[in-house]
Amino acid sequence: MADKPAIKIMEWSEKFIVDNGLIDNDHKFLIELINEFNENVPNFSTPEDMKPYLLSLKKYTQTHFAREERLQEAAQYNMRKEHRVEHRDMIAQLDRMIAKAETAEGGAVTDAAVEISTFLTDVWLVNHILVNDLPMRPFVDGMVEEAANLMDIRA
Ligand SMILES: [Fe+2]
């Protein structure tokens, strides 16, 4: 019997601050969803065990991306076209992780879960925040009014 896999935990950090508001709150919630998956990695024994966590993550990610795109439109963010492409790529990456979860069987479930956990924690969201979102910082003032309008919208 293999050892139980080490649980990865993703932590919020000040280096992730984009707007001290709506966007940061979304990122914190995405971190929570990734950590819920991570904490359950040792308990997963079938694809069906993993899938609900990944589908929740996908749903909230789509909500978050829609919000970001609306804010960027409102602020006339100069990289908004490129940002939309990055969002589409990230959803495609998530779909690949979901496919990986769906096709893992038997002893491969834990390996797949660890791989998904590692990717989501070390690459997927960190890359989105630090590479894609931080360049928005200078435009945040232009997003404040639209952010107030979006506060009530939840997935
Ligand atoms: Fe974001």
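Modeller: A word on naming to begin with: the helices here are DSSP runs of H or I with at least four residues, and they are numbered from the N terminus. Please also keep in mind that this is a predicted model.

Biologist: Fine. Where is Q76, then?

Modeller: Q76 sits in the loop that joins α2 to α3, and its phi is near 50°, which is a positive value in a residue other than glycine.

Biologist: Is Q76 buried or exposed, and why?

Modeller: Q76 counts as exposed because it has 9 C-beta neighbours inside 10 Å.

Biologist: And Y77, buried or exposed?

Modeller: Y77, in the loop between α2 and α3, counts as buried, because 21 C-beta neighbours lie inside 10 Å of it, and the cut-off for buried is 20 or more.

Biologist: What does Y77 contact, leaving aside its neighbours within four places in sequence?

Modeller: With those neighbours set aside, Y77 is in contact with Q72, M136 and F139.

Biologist: Which other residue has a positive phi near 50° without being glycine?

Modeller: N20 has a phi near 50° as well, and N20 is found in the segment before α1. N20 is exposed because 9 other C-beta atoms lie within 10 Å of it.

Biologist: Changing topic, how far does α1 reach?

Modeller: From its first C-alpha to its last, α1 reaches 28 Å with its 19 residues, which is close to the 27 Å expected at 1.5 Å a residue. The buried residues of α1 include L22, I23, H27, L30, I34 and F37, and the buried residues of this helix pack against α2, α4 and α5.

Biologist: What about α4, where does that helix bend?

Modeller: The bend in α4 is at L120 and comes to about 45°. L120 is also one of the buried residues of α4, along with A112, I116, W124 and I129, among others, and the buried residues of α4 pack against α1, α2 and α3.

Biologist: How do α3 and α4 run relative to each other?

Modeller: Their axes come within 10 Å and cross at roughly 175°, which makes α3 roughly antiparallel to α4. From the α3 side the residues that meet α4 are H83, E86, M90, Q93, M97, K100 and A101, and on the α4 side they are A112, E115, I116, F119, W124, H128 and N132.

Biologist: How many of those contact residues are nonpolar, polar and charged?

Modeller: The residues of the contact of α3 with α4 divide into seven nonpolar, four polar and three charged.

Biologist: Last one from me: where is L134, and what does it touch?

Modeller: L134 lies in the loop between α4 and α5, where α4 covers 108-133 and α5 covers 144-150. Not counting residues up to four places away in sequence, L134 touches V18 and I129, and I129 is one of the buried residues of α4.

Biologist: Why is L134 itself partly exposed?

Modeller: L134 is partly exposed because 13 other C-beta atoms lie within 10 Å of its own, whereas a residue counts as exposed at 12 or fewer. As for Y60, L134 is 74 residues away from it in sequence and 20 Å away in space, C-alpha to C-alpha.

How values were computed. Residues numbered from 1 in each chain as written. Predicted model: local features only at pLDDT ≥ 70, side-chain atom pairs only at ≥ 80, totals over all residues. Helix = DSSP H or I, 4+ residues; strand = E, 2+ residues; numbered from the N terminus. Contact = placed C-beta atoms within 7 Å. Axes fitted to C-alpha atoms, helices over the stretch in contact; angles between N-to-C directions. Parallel < 35°, antiparallel > 145°, perpendicular 65-115°, else oblique. Nonpolar A, V, L, I, M, F, W, Y, C, P; charged D, E, K, R; others polar. Bend = angle between axes of the 7 residues up to and from the residue. Expected span 1.5 Å × (residues − 1).
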